[in-house]
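Welcome! Please take a look at the sequence and the structure below, and then read on for a short tour.

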Amino acid sequence: MKPAAPNVRDRPTAWRSSLIRCALLAGLLCGIPQGVAASSPTDFQHLLTTFAAFSDRSTGTSGNEQAAGFIKKMLEGMNIGAVESHAFAVPVIRRGSSTLEVLQRGERLTIYPLAGNAVTPQTVPPPGLTGPLVYVGDGELERLNGKLIEGAVLLMELHSGRNWLQAANLGASALIYVDRGDSSGMDFEEKFELSPIQFPRFWMPVTALREAFGEFEAATDGRVADAVRLHAEAVWENVVAENIYCIVPGRSSELRNELLMVEAFYDSTARVAGLAPGADEAVGTATLLQVARHLKENPPERTVMLVASSGHAQALAGLRELVWSFSA
């Protein structure tokens, strides 16, 4: 049974809390008082570069742990209040090696699982899937016409919307998206599927495909290779992640018992396994650290709790765990 939350109206010593999410305040740098971050654009850019350099900050990865350590060190160095961490458990899809073997040449290519399903990991256990490799362009029906689809591994352009559904319905065994370097977040988001359909999908840069198969777009009937074998490892696994928070005490004797929580997530969304630098997603955390600098120079009237949470890509797991623990 959950402990009852404190009644802040009946207990004057309890904190009355509010929550601001830095991730929702993309314009915060222009809206906060002068001197917070506008005077240090180079610093802000450095923070974004630092977070992106961790390569993959998705929950449960070493990059995620490094990012947490960096945030904690930054906040401790400002000496504005107590800095603590809050650990929580959350299930994530842990991905191992994924390869495409060209059987005639004995050549193995690295492929990257796409985060395309909310339930079913994109796993292909031994002995793997075997079939021809067929290029189908953007996956429109006219591009599929006349090609061998059933039982094949398809190469489809990333700019193809949800045409993967047509390939799955026609019996393709798996699909590899071709990324030509001009993809956007929407190209990945529109391919995410909530239902537990088992249709393995992967990602490869066009440069790797060009090196392996040359002008694969010109292959007769789209048949890039007569026989390939596809193998992928992915399983659900419980991991321990952490939220980093810093409590900045209010200076007003009347208002210090009111708590303002300012939160930003530091984990990234792994749309492609192992490739989740999330530079755009780092804006919220970089803003949070700039706000901390501002509070160092301008102590707040109310108590402020700065929170860098993880697990946002797991339905805001970190924020939910922290708020529940705090209120309980």
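## Around Glu101

Setting aside neighbours within four places in sequence, Glu101 is in contact with Glu107, Arg108, Ala227, Val228 and Arg229, where contact means heavy atoms within 4.5 Å. Glu101 lies in strand S2. Glu101 counts as buried because its relative accessibility is 13%, and buried means under 20% relative accessible area with a 1.4 Å probe, protein chains only.

This is a predicted model, in which local features need pLDDT of at least 70 and side-chain atom pairs count only at pLDDT 80 or more, while totals for chains, interfaces and linings use all residues. Residues are numbered from 1 along each chain as its sequence is written, and side-chain values use heavy atoms, with hydrogens and water left out.

## The chain as a whole

The protein chain has nine helices and 11 strands; these are DSSP runs, with helices (H or I) of at least four residues and strands (E) of at least two, numbered from the N terminus. Of its 328 residues, 47% are buried. Among contacts with a separation of 6 or more, 75% are between residues 24 or more positions apart.

## The largest pocket

How much space lies in the largest pocket? It holds about 730 Å³. A pocket here is an open set of points on a 1 Å grid over the protein atoms alone, where a 1.4 Å probe fits, with protein on both sides within 12 Å along at least five of seven lines; lining residues have an atom within 4 Å of a point. The volume is the space filled by probe spheres set on the points, which are joined across faces, edges and corners. The lining has 32 residues, and those closest to the centre are Ile93, Arg95, Ala115, Ala270 and Gln314.

## Two nonpolar cores

A nonpolar core is a set of buried Ala, Val, Leu, Ile, Met, Phe, Trp, Tyr and Cys residues joined through side-chain atoms within 4.5 Å. Here are the two cores side by side.

| Core | Size | Residues, including |
|---|---|---|
| Largest nonpolar core | 29 residues | Phe51, Ile71, Leu75, Leu289 and Leu306 |
| Second, separate core | 24 residues | Val178, Phe202, Val224 and Ala225 |

The residues named for the largest core are those with the most contacts inside it. One of them, Phe51, touches residues including Phe70, Ile71, Pro277 and Leu289, not counting residues up to four places away in sequence.

Notes
Buried means under 20% relative accessible area, exposed over 50%, partly exposed in between (1.4 Å probe, protein chains only).
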